[in-house]
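Hi there,

Here is the structure I promised to pass on to you. Have a look at it first, and then read on for what turned up.

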Amino acid sequence: MLKKLFQSFRLPLRRIPHPRRTPEILSSRQHSLHRNEISRYAVSVVERLQQAGYEAYVVGGCVRDLLLQLNPKDYDVATSATPEQVRAEFRNARVIGRRFKLVHVHFGREIIEVATFRANHPDEDDDDASHLASRNESGRILRDNIYGSLEDDAQRRDFTINALYYDPTTERILDHTRGVHDIRNRLIRLIGDPEQRYQEDPVRMLRAVRFAAKLDFEIERHSAEPIVDLADLLDGIPSARLFDEVLKLFLGGKAERTFELLLEYDLFAPLFPASAAALERNPEYAGTLIRNALANTDLRIQQGKPVTPAFLFAALLWPALPARVLELQDRGMPPIPAMQEAAHDIIWEQCQRTAIPKRFTMPMREIWDMQERLPRRQGRRADQLLENPRFRAGYDFLLLRESAGEQTGGLGDWWTEYQDASDSERRNMIRGLSNKEEAGGAKKRRRGGRRRRAPGDNAGTPAE
């Protein structure tokens with residue numbers, strides 16, 4: 001009873017003391033960032049919090065990107081106000097999150113994310129702080145609501161380039177971790193001990209790769225060294241969170257470079273175990289197909305064209321499919337059911353690693369199913385396939401397979417020509433298929449039948 005009584009008088013803000021670090025302060029003459037480049041809503045949030053007596057800054061990736069003359073995708077604010085205090089200042093705000101409490105301040109379609117300054121976790125178990133912060137056995141942070149000072153917050157951030165605080169009122173940048181130095185030297189550097197920081201949150205390894213690819217930076221040597229040994233820690237990350245991270249990795253316009261870095265640091269296998277195994281079995285075919293798909297994704301993003309995660313995941317997982325199909329066919333299953341069963345198994349297994357929503361898994365299966373249907377063009381089938389809403393995606397995927405070396409007997413060229421042909425030309429093309437089939441059938445009867453091969457099995461080295 002006495003313990004509870006004393007706890008009720010304690011302040012909710014707990015801070016772990018550490019030596020005070022004086023930040024480097026860059027005046028408006030010492031950096032290229034100007035107040036008018038910042039979202040007016042972010043500036044408004046900062047000024048309103050400052051007027052209410054709190055510290056507040058624009059912080060993180062938006063400051064980094066503006067210094068690199070890139071367009072930020074969003075704006076974050078860090079403040080000494082607690083989430084409840086921020087909520088009290090803005091009627092258009094709501095508190096979100098349990099693991100990491102934040103406030104979203106809504107201005108129409110734009111959301112300014114406001115976070116309270118965080119501090120380090122207690123080194124030892126502390127019953128009083130257990131509802132504010134916790135870790136699992138490996139050191140991964142499960143809850144992070146220990147609040148602190150600006151200096152504490154800077155040391156708690158992941159990378160130096162994300163720990164820059166901009167005050168739009170004075171137009172100064174506060175740099176506690178030499179982040180501006182690392183931006184100028186194009187380095188991704190973790191704040192603190194790299195191994196400990198990766199154990200706290202293994203997703204930081206993926207973030208290091210993503211920033212390195214996005215910004216064309218190098219991962220600083222000490223920050224890079226532990227990644228290969230700690231890559232397996234990603235196994236403990238919830239699959240829904242990993243799905244979100246995969247989208248960030250591959251839909252940021254630098255997918256091909258990201259893929260190379262994931263391979264370099266052994267981070268691809270924890271995300272896509274079946275595809276990583278296919279890469280080992282048949283590196284030329286699988287690697288070419290994935291790289292071509294990612295290069296095409298990057299090109300579409302640069303051109304402002306839409307991209308869908310369904311096509312992306314279909315390409316990333318396809319190299320694992322042929323071996324599964326052949327395995328089922330060897331057990332006596334017909335080709336189409338074998339294809340469907342293998343697709344189901346691979347998608348289910350992948351969802352255990354990255355929780356792909358059903359709105360994407362359904363189109364993925366339809367794209368794969370189209371690969372079995374596109375060779376079947378006799379009679380009215382070709383016209384029916386053209387009317388199928390998944391035809392274009394299936395056709396694009398067929399061209400992707402051919403670009404990786406699959407021998408389809410000119411199927412891609414045939415469909416390219418058929419789409420632009422007149423009605424009479426299309427009928428002649430269909431009749432030409434019948435004539436070829438008759439000739440092929442006669443040859444087969446003389447030679448004897450051949451076992452059907454799975455899609456992708458005739459690309460360079462056979463898939464096993």
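Glu 200 and Arg 204 are both buried, and the two form a salt bridge whose closest N and O atoms are 3.0 Å apart. They also belong to a network of salt bridges that links Arg 156, Arg 197, Glu 200 and Arg 204. Please keep in mind that this is a predicted model.

In total, the count comes to 24 salt bridges. One of them pairs Lys 101 with Glu 84, with 3.2 Å between the closest N and O atoms. Lys 101 sits in the loop between β4 and β5 and Glu 84 in helix α4, so this pair ties together parts that are 17 residues apart in sequence. Lys 101 is partly exposed, at 29% relative accessibility, and Glu 84 is partly exposed at 43%.

Another salt bridge joins Glu 349 and Arg 324, where the closest N and O atoms are 2.8 Å apart. Because Glu 349 lies in helix α18 and Arg 324 in helix α17, the pair connects parts 25 residues apart in sequence. Glu 349 is partly exposed, with a relative accessible area of 33%, and so is Arg 324, at 24% relative accessibility.

There is a helix pair to look at, too. The axes of α8 (residues 203–215) and α12 (residues 255–264) come within 9 Å and cross at roughly 140°, so the two helices are oblique to each other. Leu 206, Val 209, Ala 212 and Ala 213 in α8 meet Arg 257, Thr 258, Leu 261 and Leu 262 in α12. Six of these contact residues are nonpolar, one is polar and one is charged.

How values were computed:
Residues numbered from 1 in each chain as written. Predicted model: local features only at pLDDT ≥ 70, side-chain atom pairs only at ≥ 80, totals over all residues. Heavy atoms only, no water. Axes fitted to C-alpha atoms, helices over the stretch in contact; angles between N-to-C directions. Helix = DSSP H or I, 4+ residues; strand = E, 2+ residues; numbered from the N terminus. Parallel < 35°, antiparallel > 145°, perpendicular 65-115°, else oblique. Contact = heavy atoms within 4.5 Å. Nonpolar A, V, L, I, M, F, W, Y, C, P; charged D, E, K, R; others polar. Salt bridge = Lys/Arg side-chain N within 4 Å of Asp/Glu carboxyl O. Buried < 20%, exposed > 50% of the residue type's maximum accessible area, 1.4 Å probe, protein only.
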